[in-house]
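Subject: Structure for your review

Dear colleague,

Please find the structure below, with its sequence.

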Amino acid sequence: MIPNHVTFQYLFFDTYLGYFLQLLPFALIAAIIYAIYKDRQVPRDSSPRIFLSSLFVAYFTALIGLTLLQSLISSCYYFLFYHEWSGGIWLDREFLYNFIPNFFRNFNGERIANIFLFLPFGCLYPQFRQRAAWPHTLLAGMLTSFAIEFIQPFVGRSFDVNDLILNAAGLLLGMVIYYPLHALAFRRRVRKAPKK
């Protein structure tokens, strides 16, 4: 029979659910700080707008944590729970680069995760930056994805052009979901608005 601490260790340190749980406190703290700041800065701003822009801050914090700081965060949690160093090396610079787009050959769970990783960006960025047109959202998402990929070889991960392509697919999917629904909601508000 597997000891409970081994099961917890696998769940918390080696699964997507575990990574989510590790990053959740950081994302929530960032969102709460941003919401308080935004509420004090613009008291007239509506609560739904602050909530939605805070969601982007939470998502962005989790995105950076997952793609650039995950090894360091996991090592800190491991030390917190077990009072010893996990053995993980955060700044192990191997400088691995893959410029060959071959994601279609082995379309596994990690590839699908790279799509869903940037789907929220396409939906939440326009809420964070008010009135952001789709070219602004596309540019911001692609620059973010490229910056992450560029920095990853310096923090023990690799640059992979497949990640850029799949991130772009997720970003576009999020935009395809958000912008038509936003336009439809705007038209309904205009129709319901009282005529002068």
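Two rings of Phe, Tyr or Trp (for Trp, the six-membered ring) are taken as a pair if their centres lie within 6.5 Å; planes under 30 degrees apart count as stacked, over 60 as edge-to-face and the rest as tilted. The model is a predicted one, in which local features need pLDDT of at least 70 and side-chain atom pairs count only at pLDDT 80 or more, while totals for chains, interfaces and linings use all residues. Residues are numbered from 1 along each chain as its sequence is written, and side-chain values use heavy atoms, with hydrogens and water left out.

Overall architecture

The protein has seven helices and two strands; these are DSSP runs numbered from the N terminus, with helices (H or I) of at least four residues and strands (E) of at least two. Along the sequence their order is α-α-α-α-β-α-α-β-α. Of the 196 residues, 35% are buried. Here buried means under 20% relative accessible area, exposed over 50%, and partly exposed in between (1.4 Å probe, protein chains only).

Aromatic pairs

By the ring rule above, the structure holds 23 aromatic pairs. In one of them, Tyr 78 and Tyr 82, the ring centres are 4.7 Å apart and the planes stand at 50°, so this pair is tilted. Tyr 78 and Tyr 82 are about one helical turn apart, because four residues separate their positions in helix 4 (residues 70-82). Tyr 78 is buried, at 14% relative accessibility, whereas Tyr 82 is partly exposed at 24%.

Phe 146 and Phe 150 form a stacked pair, because their planes are at 25° with ring centres 6.4 Å apart. Being four residues apart in helix 6 (residues 134-151), Phe 146 and Phe 150 are likewise separated by about one helical turn. Phe 146 is partly exposed, with a relative accessible area of 43%, and Phe 150 is partly exposed at 49%.

Ring pairs also join Tyr 34, Phe 56, Tyr 59, Phe 60, Phe 118, Phe 121, Tyr 125 and Phe 128 into a cluster.

Salt bridge

A salt bridge is counted when a side-chain nitrogen of Lys or Arg is within 4 Å of a carboxyl oxygen of Asp or Glu. The count by this rule is one salt bridge. It is formed by the side chains of Asp 160 and Arg 111, at 3.7 Å from N to O. This pair connects distant parts of the chain, since Asp 160 lies in strand 2 and Arg 111 in helix 5 (residues 109-128), 49 residues apart. Asp 160 and Arg 111 are both buried.

Surface patches

Patches are made of residues with over 30% relative accessible area and no salt bridge; like charges are joined within 9 Å, and nonpolar side chains (Val, Leu, Ile, Met, Phe, Trp, Tyr) within 5 Å. Accessible areas come from the Shrake-Rupley method with a 1.4 Å probe, and for residues only the protein chains shown count as cover. For charges, Lys and Arg count as positive and Asp and Glu as negative, with His and the chain ends not counted; the charge is placed at NZ of Lys, CZ of Arg, CG of Asp or CD of Glu.

A nonpolar patch on the surface is formed by Tyr 10, Leu 11, Leu 17, Phe 20, Leu 21, Leu 24, Leu 28, Ile 32 and Ile 36, which together have about 830 Å² of accessible area. Helix 1 (4-14) and helix 2 (16-41) each give at least two residues to the nonpolar patch, and helix 2 supplies its largest share, seven residues. Leu 24, located in helix 2, is partly exposed, with a relative accessible area of 31%.

Arg 187, Arg 188, Arg 191 and Lys 192 make up a positive surface patch. Arg 187 belongs to helix 7 (residues 161-192) and is exposed, at 53% relative accessibility.

Loop residues

His 83 is in the loop between helix 4 and strand 1 (96-98). Its phi is near 55°, a positive value in a residue other than glycine. Most residues other than glycine have a negative phi. At 64% relative accessibility, His 83 counts as exposed.

Arg 157 sits in the loop between helix 6 and strand 2 (158-160) and is partly exposed, at 38% relative accessibility. The C-alpha atoms of Arg 157 and Phe 95 are 7.6 Å apart, although 62 residues separate Arg 157 and Phe 95 along the chain.

Yours sincerely
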